[in-house]
Amino acid sequence: MQDFEYLMPTNLDQAIGLLKKYENKAALIAGGTDVMVKIGKTRKAPDVLISLRRLSALRYIKKNGGYHIGALTTHRMLEQSTLVQSELSALHDAASQVGSVQIRNVGTLGGNICNAAPSADTAGPLLVLDATAVLEGPLGRRRVPLKEFFTGTYRTVRKPDEVLVEMEIPEDLGRYGSAYWKHTRRKAMELPLIGIAVALKLSQDNSQILDSRIALTVAAPTPIRAYPAEDFLKGKVIADDVLKEAGRIASSADCCTIRTSLRCEAWYREEIVRVFVPRMAKLAAERVKNR
Ligand SMILES: Cc1cc2nc3c(=O)[nH]c(=O)nc-3n(C[C@H](O)[C@H](O)[C@H](O)COP(=O)(O)OP(=O)(O)OC[C@H]3O[C@@H](n4cnc5c(N)ncnc54)[C@H](O)[C@@H]3O)c2cc1C
């Protein structure tokens with residue numbers, strides 16, 4: 001493998017300056033748990049790796065006019081945050097199940113999202129929490145709703161000279177509950193065969209679904225929202241047959257393009273969506289009641 005330069009800027013401006021200077025020859029590295037695996041597998045590295053590790057100002061979880069999570073926040077920080085556990089439960093479900101403790105200690109939220117794998121565990125929860133990606137580059141900051149962020153498998157709208165700074169989640173989550181199901185063959189160190197995130201907003205008496213959001217991973221080339229299933233649930237009184245029908249719609253071709261892969265056959269993935277959308281909706285509803 002060829003040699004590469006490893007640069008360690010200490011602030012965001014320096015990092016953006018280096019990206020601009022080296023243009024297409026450079027790549028960012030945060031925790032390195034995707035980047036280093038890729039370099040190892042392909043035996044190819046960019047000429048310059050720009051490490052974000054010293055940008056400790058981008059490691060935070062704040063509630064302040066919405067929720068703000070710095071791009072360098074690790075999965076372990078999300079797992080250990082009581083704020084995330086109680087108010088952004090689906091994200092807590094996901095972050096706590098990424099890889100192993102060692103991976104969660106170094107792997108970052110920003111890396112998970114910018115890598116843009118169809119299986120990224122935090123993508124579904126962030127989609128149902130209606131998150132927005134905040135990107136910064138030489139021309140300043142811009143905000144991109146996460147539902148518009150992924151453009152293909154391992155592809156995003158991020159320009160080569162931009163750094164993902166944080167994920168923003170709108171504040172009005174008072175009557176929302178959320179949950180994430182990662183379907184795997186074993187309990188640890190597995191990417192999901194399918195990932196299902198659900199967020200529901202319930203009426204004051206917890207009987208009616210005022211808003212619903214459903215996201216699926218490994219069900220299409222990118223993480224997706226299952227809009228027809230969401231629309232079906234809105235305004236309905238919560239009941240087993242209603243949730244079951246939402247599961248059926250979510251698993252149909254109206255919502256996703258599930259494929260057979262080496263890891264799993266399509267029919268099995270569809271079954272998991274059909275069965276677990278209702279289960280995650282019930283868990284999300286329980287969490288509204290318990291808040
Ligand atoms: C053993 C193992 C198990 C794993 N298990 C899981 C799992 O269960 N679930 C799962 O979803 N993932 C899993 N992963 C993948 C990986 O750990 C996660 O995707 C992790 O969140 C990546 O974060 P990172 O900081 O290590 O990213 P890096 O590898 O540093 O970067 C990933 C990509 O994002 C870009 N990038 C990183 N930060 C930024 C930023 N702030 N702005 C712009 N671009 C940026 C990099 O240039 C690169 O393209 C696993 C990996 C390994 C090695």
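**Exercise 1. The ligand shell**

How many residues surround the ligand, and which are the closest? Work out what the shell is made of.

*Solution.* This is a predicted model: local features need pLDDT of at least 70, side-chain atom pairs count only at pLDDT 80 or more, and totals for chains, interfaces and linings use all residues. Residue numbers start from 1 along each chain as its sequence is written.

Step 1. Count the shell. The ligand is surrounded by 29 residues. A residue is near a molecule if its C-beta atom, placed from the backbone, lies within 6 Å of it. The closest are Gly-31, Gly-99, Gly-107, Gly-111 and Asn-112.

Step 2. Find the elements. Strand E2 (26-29), helix H2 (35-42), helix H7 (109-115) and strand E10 (163-169) each give two or more residues to the shell. Helices (H or I, at least four residues) and strands (E, at least two) are DSSP runs, numbered from the N terminus. H7 gives the most, with five residues.

Step 3. Sort by class. The shell holds 16 nonpolar, ten polar and three charged residues. Ala, Val, Leu, Ile, Met, Phe, Trp, Tyr, Cys and Pro count as nonpolar, Asp, Glu, Lys and Arg as charged, and the others, Gly among them, as polar.

Step 4. Assign to domains. Domain 1 (5-51) and domain 2 (56-169) each supply at least three residues of the shell.

**Exercise 2. Domains and their contact**

Which domains does the assignment give, and how many residues of domain 1 are in contact with domain 2?

*Solution.* Step 1. List the domains. They are domain 1 (5-51), domain 2 (56-169) and domain 3 (176-289). The bounds come from an automatic or database domain assignment.

Step 1. The C-alpha centres of domain 1 and domain 2 are 19 Å apart.

Step 2. Count contacts. On the domain 1 side, 13 residues are in contact with 15 residues of domain 2. Contact means that two C-beta atoms, placed from the backbone, lie within 7 Å.

Step 3. Describe the domain 1 side. Helix H1 (residues 12-22) gives the most to it, with five residues. By class, this side of domain 1 has six nonpolar, four polar and three charged residues.

**Exercise 3. Strand pairing**

Which strands pair with E5, and in what sense?

*Solution.* Step 1. Take E4. Strand E4 (residues 61-63) pairs with strand E5 (residues 67-70) in the antiparallel sense, over three bridges. Two strands pair if DSSP finds at least two bridges between them. Lys-63 stands opposite Tyr-67 in E5.

Step 1. Look at the turn. E4 and E5 form a hairpin with three residues between them. Gly-65 in this turn has a positive phi of about 60°.

Step 2. Take E10. E5 and E10 run antiparallel, joined by four bridges. His-68 stands opposite Glu-168 in E10.

Step 3. Move to another sheet. Four strands form an open sheet in the order E11-E12-E13-E14, with antiparallel pairing. Its edge strands, E11 (176-183) and E14 (224-225), each pair on one side only. Eight bridges join E11 to E12. Trp-181 has Ile-196 in E12 as its bridge partner.

**Exercise 4. Val-198**

Is Val-198 buried or exposed, and which residues does Val-198 touch?

*Solution.* Step 1. Locate it. Val-198 lies in strand E12 (residues 194-202).

Step 1. Count neighbours. Val-198 is buried because 34 other C-beta atoms lie within 10 Å. A residue is buried if 20 or more other C-beta atoms lie within 10 Å of its own, exposed if 12 or fewer, and partly exposed in between; C-beta atoms are placed from the backbone.

Step 2. List contacts. Leaving out residues up to four places away in sequence, Val-198 touches Val-128, Ser-178, Ala-179, Ile-214, Val-277, Met-280, Ala-281 and Ala-284.
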